[in-house]
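Thanks for passing this one along. Here are some notes to read with the model open beside you.

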Amino acid sequence: MSAPELVGGSAADRERIAHELVTVTIDGRQVQVPKGTGLVEAAAAAGVEIPVFCYEPRVGAGIGACRMCLVEIEGMPKLQTGCTTPVTDGMVVHTAGTSEQAAAGQSATMEFLLLNHPLDCPVCDKGGECALQDLSFRYGSGKTRMTFRKRSLEKPIPISPTIALDRERCIMCFRCTRFSQEVAQDEELSAVNRGALSMIATFEDEPYRGPFSGNVTELCPVGALTSTQYRFKARPWEYEQAASVCGLCPVGCNVAVQSREGRVQRVLSRNHPEVDRGWLCDKGRFSYSHLYSEERILTPRRRGVRELEELGWEQALDELEGMIERAQGEVVLALSGSETLELAYALAKIVRQGAGSDRVVLPEQAADALDPFRVPISALAEAEEIVVFEECPVLDRAPLIELWLKQARRNGAHVTRIGPSGDIQRGRGEAALACQELAEKESALGKRLRAAERAILLWSGGGGAGGCHLAALAHALGLHEKEGSGALLLPASPNARGVAEAWAAAGDENRQPRQIGLLVVSGDEAASEPQVRQLAEHARATVALTLFAGDSGEWADLVLPATGYLERSGTMRNLEGRLQRLRGATGSPARRELSWLAELAGRLGVDLPGSEAALFTELSAKVLDGISLASLGDRAPLPPRVEAQTFEAARAESPPTLLGGPLELIRYRALFSGPEVEHVPELSFQRPAAEVEISPEDADRRGISGGNEVVVRSNGTRVTLRARINAALLPGMVRVAAEHCAELARGVEVSRP
Amino acid sequence: MIGSTLITVGRSLGVTLKQIFRGTVTEQYPEYKRPVYPRFRGRHRLNLHENGLEKCVGCSLCAAACPVDCIRVVAAENSADNRVSAGERYARIYEINLSRCIFCGYCELACPFDAITLGNDYELSEYSRSDLIYTKEMLLADPIKRTPVADAALYDTPTPYYRTDS
Amino acid sequence: MAKAKHPILVLAGAEQGDLRALEDYRRAGGYASLEKARKLGPGATLEQIKQAAVRGRGGAGFQMGQKASFLPSPGQAKSPIYLVVNADESEPGAFKDREIINRVPHRLIEGIQIAALAIGAERCFVYIRGEYLSEYEVLSAALAEAEAAKLVSVPILVHRGAGAYICGEETALLESLEGKRGQPRSKPPFPALVGLYNSPTLINNVETIATVPKVIELGGEAYAKIGVKDSTGTRVFSLSGDVVRGGNYELPHGTSFRELIYDCGGGIAAGRKLKAIIPGGSSSPVLPADQVDLSMDFDSVQKAGSFLGSASVIVIDERACMVQLALRIGQFYMNESCGKCTPCREGTRWIEMILRKIEQGRASHAELDLLADVCDRVLGKCLCALGDSDAMAVASYVKHFRAEFEAHIEQGGCPYGDTSSLAGVRSPVDEIYRGRIGQEAAL
């Protein structure tokens with residue numbers, strides 16, 4: 001094969017490119033690759049496979065542990081590992097395909113790897129998709145020369161409720177430990193003992209506790225680390241796969257949803273290099289089984305004399321139609337932000353066109369002010385300066401962003417967090433102020449931001465208006481003019497932008513009824529919002545569309561079953577503004593919303609198609625510039641930046657003074673909370689503890705030490721929690737997970753009981 | 001002309017006359033059952049280890065090999081108080097839809113534990129199609145009716161080691 | 001101690017007793033070389049070291065000057081340059097570094113300062129074997145004394161290892177020094193470019209560094225005249241095994257094994273016959289007795305099929321069962337394998353299992369061939385030299401003493417019965433390993 005011809009560009013261009021390229025010969029094939037390319041990649045470019053086990057560029061540079069990639073390089077006395085060798089110009093390489101010496105090395109490695117590896121492929125969950133199985137089939141010998149008993153160890157060991165470890169199968173590639181130590185940086189997994197006794201372990205009997213632990217099951221090239229939920233559920237050739245998108249947070253990780261016999265069996269990453277780089281958080285990976293919880297509502301329910309009673313769909317729609325009629329245009333729609341654009345549009349159309357009301361409660365929204373500063377999430381990895389206005393921890397809002405921030409820091413970026421427990425401590429509600437100060441006042445950070453070629457600003461929590469403040473700062477810094485710079489807002493809900501767009505597309509009138517004749521609550525998140533709950537108290541009637549009766553079950557007059565994001569098809573807009581497709585992996589045990597909404601629309605005389613595709617076409621013509629569903633593809637592209645305009649941001653104000661107590665309560669929604677987590681027993685160990693985080697100063701003043709039982713109270717509400725001293729927390733603040741807050745007000749006092 | 005006609009008629013009469021003195025070939029099935037060839041592929045059986053544990057570990061390789069997709073396996077994990085098979089995993093559900101099965105024997109070849117083998121029974125008629133879905137219990141049980149099998153020594157092809165006579 | 005007719009360089013001044021006190025060391029001419037080096041300047045000092053052609057005393061025998069010349073010059077380097085002294089002397093048979101630290105600690109410190117000056121190091125580290133507690137104390141005391149006397153211009157940090165043979169491997173040592181699990185790194189890149197904390201690092205053995213003051217004192221060319229071509233200078237030989245007077249003997253390179261064993265060590269007790277010599281610590285292939293007149297220099301020993309390595313000569317007399325010896329060596333490497341790369345982790349254990357089967361007389365001839373083949377399959381495939389050492393050493397026993405291995409197979413047990421000098425002596429490694437395997441793995 002000849003060297004690929006470089007086409008296009010001027011002669012000077014071609015020469016410049018040629019300068020950065022090196023020519024290597026691999027198994028007699030010449031190939032030109034950029035300088036510094038690894039040998040494994042260069043060989044792949046030449047069409048030669050160098051098999052690997054331990055090499056995984058996403059967990060760091062090659063370590064040469066497994067010795068599967070041994071190759072002969074002319075001029076080197078010993079065999080070299082392809083994974084640790086960058087190519088140099090004129091290098092001549094012989095892989096196992098052409099070199100006897102390399103083939104001997106590879107077959108030795110194969111024999112040694114299989115020496116103690118159990119032949120339990122029929123039992124092993126990895127069987128059928130196992131790197132060791134595939135490569136030994138191709139490179140291994142059919143016979144073993146091992147006459148001794150294989151090593152037998154206790155198995156499987158649950159290293160966490162979600163992950164099982166089989167040490168017999170482990171080939172010590174150190175992918176998992178490198179992930180834990182170098183990617184997630186949780187330092188939870190490590191190798192213990194040495195030599196033939198080496199094994200992967202967590203610290204003593206502690207579980208692997210970390211928001212990204214599940215990735216090790218996908219990284220493991222053998223069946224040593226497997227998911228306990230997926231254990232023995234299906235074999236790789238039995239499932240159907242849907243290329244969907246995770247709908248639990250605004251990152252929108254690309255997932256492969258695998259189902260068998262109509263049930264989702266596992267969720268794997270699909271690796272969108274600009275969004276998730278092949279990683280998933282444990283919530284996205286393991287929470288799918290909430291769909292099969294016994295508590296899920298599958299049929300409509302109506303408030304009866306004592307409790308909710310089941311009724312048929314025909315009756316339910318009659319009831320709903322009656323409710324809408326009785327409301328006489330006084331209808332309010334509360335959206336969660338977890339709906340697809342299509343579903344939100346259908347609901348909006350029924351309310352705006354069918355019920356004649358334009359009053360809506362939207363989730364904390366991401367304004368389009370940041371569109372001129374749009375960057376792919378992956379740009380974080382290359383950034384020099386990153387400033388995070390972090391009133392809510394990034395991890396809780398958009399977990400994958402935290403992983404990207406870690407990557408950025410490893411690549412040498414300055415990451416500055418501004419917030420109650422940040423590098424620059426600012427109180428709650430002061431993010432906008434901090435933003436404004438950074439734009440207007442001289443500071444070291446401001447100077448660095450101006451000087452940096454690639455700077456990215458992030459806004460996490462601190463109000464939906466944050467986008468405007470952040471845009472003003474980004475504009476002042478000129479980020480719209482710099483490639484690789486930008487600003488991103490992490491909204492509280494997965495599709496906040498999308499549902500707002502869908503709402504806007506459904507009508508152009510603005511009728512705002514004062515009274516609430518009917519409150520339509522869509523989604524469990526909206527149902528748990530205190531604001532929505534207050535509205536429900538004023539509403540004459542309430543209908544809720546939820547997966548679980550949970551919150552709404554206490555006050556809704558009619559509860560209609562919803563479908564989960566894994567069962568839905570449609571589109572969602574993530575925090576970058578990327579429109580991504582969801583593809584329903586399975587049918588839903590509950591009736592599809594769009595099916596009965598279309599029926600309801602027919603009764604109300606609204607023209608509403610019942611299919612997602614038709615709804616998308618309608619939406620697209622109205623608000624999405626007529627783009628087609630097909631143009632989104634499997635890995636959706638990022639829309640281009642829009643032209644920056646100068647605008648006046650509202651002046652930031654200091655937060656109002658506290659009432660109720662001297663300490664400000666930060667009520668946060670932890671990553672592992674919400675109905676998707678509560679109904680998955682395997683994830684309960686990850687849920688936030690009943691703790692109150694308090695600064696050392698405040699703790700000292702009250703005679704509290706870490707681990708003490710304390711009482712948090714305000715306005716007559718008392719909650720007993722365990723104290724945890726958080727040295728990073730700004731004095732005057734306490735943090736409690738929302739699920740342990742009960743009715744606590746913003747100002748609280750903490751004391752020993 | 002006439003001569004050749006007579007010869008033709010004579011020949012055919014000869015055939016008829018010959019057959020008159022031959023014995024009958026009709027077999028009185030079902031009163032009489034002709035022994036089947038030892039490698040005849042009939043209804044499947046699931047086999048047990050000598051200690052009573054099931055050989056099947058629920059690996060679904062048979063289902064993967066099946067060209068007509070008539071096998072359904074749902075696995076589960078063995079526990080200390082419910083030990084079904086020798087390994088970690090066992091087949092909680094094992095079903096063969098015999099109305100679909102073409103008796104090709106691929107499942108038998110794919111099985112890594114000789115758990116599923118094809119027996120010699122061919123009398124599988126039922127009044128209802130759903131009765132032809134054989135469950136694990138049915139496949140584990142000895143067949144009610146036994147099919148006679150010819151002596152393997154009469155044939156010069158070996159019977160595979162994993163075939164059990166039924 | 002060595003005889004007076006040979007030049008004593010590294011251990012000079014310590015013939016009669018320890019030379020630990022700074023005052024005594026100075027009286028014997030100590031720290032004069034450092035003065036001289038400071039006057040010469042870095043370039044000229046490095047030039048002297050290069051001229052002396054001092055080959056590394058740690059095992060690999062790479063020329064120190066050449067290794068130092070791979071380092072970037074101090075002006076060019078983006079990150080600081082470090083000097084690391086490998087005092088993790090763990091090779092079975094080697095005990096010369098401990099003698100040097102114990103007797104002439106200041107010579108090591110002086111050597112470190114000169115070498116640091118020559119390469120422009122910003123900081124020096126001494127990684128000392130964890131079990132060398134008293135040596136650590138001696139070195140620390142000497143360092144404190146030297147620091148008080150303002151002799152230490154480049155700071156030295158002495159770090160104790162935690163008991164792993166592999167940490168004597170230079171890259172594993174660096175990992176351990178950085179606080180990570182002691183496992184070797186893949187080379188290239190070599191430590192001279194990417195070493196400690198990703199900075200250019202020169203790593204040398206204690207003895208190599210302790211040679212430096214004498215090199216500067218005598219001048220590189222004069223030093224190079226001692227010894228033989230390509231193996232210059234003297235060497236501290238650790239003599240052990242079946243010999244009357246074991247110990248450290250400083251002799252010039254080129255001395256024969258016979259002289260070391262019979263003249264210095266007083267030969268083998270009770271007139272027993274020499275059976276084999278391990279020339280450079282347990283990792284070097286064994287030499288049969290007929291090689292006793294071989295010259296002890298890097299090239300001659302290599303030509304004979306072994307390595308001078310750390311110059312740790314182990315003498316084996318006729319009583320020893322070579323299968324038992326091979327097994328003990330196999331057990332050592334199995335236990336010390338770090339577990340990072342596949343051939344070493346799995347291969348060392350397999351080798352040990354086959355050896356044990358042969359030793360117990362349960363093996364077949366095919367398994368002896370298998371053993372040789374497994375050794376061959378480990379050799380040259382590993383990440384560092386540990387797996388290679390095991391494979392080469394074990395293969396050498398099979399090669400030179402195949403008849404003994406075959407006798408085990410044919411007689412169904414050890415032909416020596418209980419008379420072997422190793423019979424019934426279980427190595428501590430064996431105890432630990434079997435005990436743990438017993439609990440965790442039930443072999």
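1. A word on the ground rules. This is a predicted model, in which local features need pLDDT of at least 70 and side-chain atom pairs count only at pLDDT 80 or more, whereas totals for chains, interfaces and linings use all residues. Residues are numbered from 1 along each chain as its sequence is written, chains are lettered from A and ligands numbered from 1 in the order in which they are written, and side-chain values use heavy atoms, with hydrogens and water left out.

2. Please start with chains A and C. Of the 2 pairs of chains that touch, chains A and C have the most contacts, a contact being heavy atoms within 4.5 Å. Chain C puts 42 residues into this contact and chain A puts in 41 residues. By comparison, no contact joins chain B and chain C, and their closest C-alpha atoms lie 18 Å apart.

3. The area buried between chain C and chain A is about 3500 Å², with carbon and sulfur atoms giving 53% of it. Buried area here is the accessible area (1.4 Å probe) that two parts lose on being put together, summed over both. On the side of chain C, the residues that lose the most area to chain A are C:W350, C:R377 and C:K381, together 19% of what that side buries.

4. What holds polar groups together across this interface? There are 18 residue pairs in polar contact between chain C and chain A, both residues at pLDDT 80 or more. A polar contact is a pair of N or O atoms within 3.5 Å; within protein, one must be able to donate a hydrogen and the other to accept it, and residues adjacent in sequence count only if both atoms are side-chain atoms. The interface of chain C and chain A also has 4 salt bridges, each a side-chain nitrogen of Lys or Arg within 4 Å of a carboxyl oxygen of Asp or Glu. A:R145 and C:D373 form a salt bridge, with their closest N and O atoms 2.6 Å apart.

5. Which elements of chain C give two or more residues to the side that touches chain A? They are α12 (322-336), α13 (342-359), α14 (365-378) and α17 (428-440). Helices (H or I, at least four residues) and strands (E, at least two) are DSSP runs, numbered from the N terminus. With 10 residues, α13(C) gives the most to this side.

6. Now the domains of chain C, whose bounds come from an automatic or database domain assignment. Chain C is divided into domain 1 (22-225), domain 2 (228-317) and domain 3 (322-442). The C-alpha centres of domain 2 and domain 3 of chain C lie 24 Å apart, and their contact takes 11 residues from domain 2 and 13 residues from domain 3. The area buried between domain 2 and domain 3 of chain C is about 1000 Å², of which carbon and sulfur atoms give 66%.

7. C:K275 deserves a look. Along with C:S282 and C:V286, C:K275 is among the residues of domain 2 of chain C that lose the most area to domain 3 of chain C, together 46% of what that side buries. The interface of these two domains has 1 salt bridge, and the side chains of C:K275 and C:E404 meet in a salt bridge at 2.5 Å, N to O.

8. Is helix α7 (residues 170-177) of chain C covered or open? Helix α7(C) is mostly covered, with 8 of its 8 residues buried, where buried means under 20% relative accessible area, exposed over 50% and partly exposed in between (1.4 Å probe, protein chains only). Its buried residues pack against α3 (64-69), β1 (82-87), β2 (123-128), β3 (156-160) and β4 (201-205) of chain C. After α7(C) comes C:G179, whose phi is positive, near 95 degrees.

9. C:E170 and C:K67 form a salt bridge, with the closest N and O atoms 3.9 Å apart. C:E170 lies in helix α7 and C:K67 in helix α3 of chain C, so the pair ties together parts that are 103 residues apart in sequence. At 18% relative accessibility, C:E170 counts as buried.

10. For contrast, C:R27 and C:D24 form a salt bridge with closest N and O atoms 3.3 Å apart. Both lie in helix α1 (residues 22-27) of chain C, 3 residues apart, about one turn of the helix. C:R27 is exposed, at 61% relative accessible area, and C:D24 is partly exposed, at 31%.
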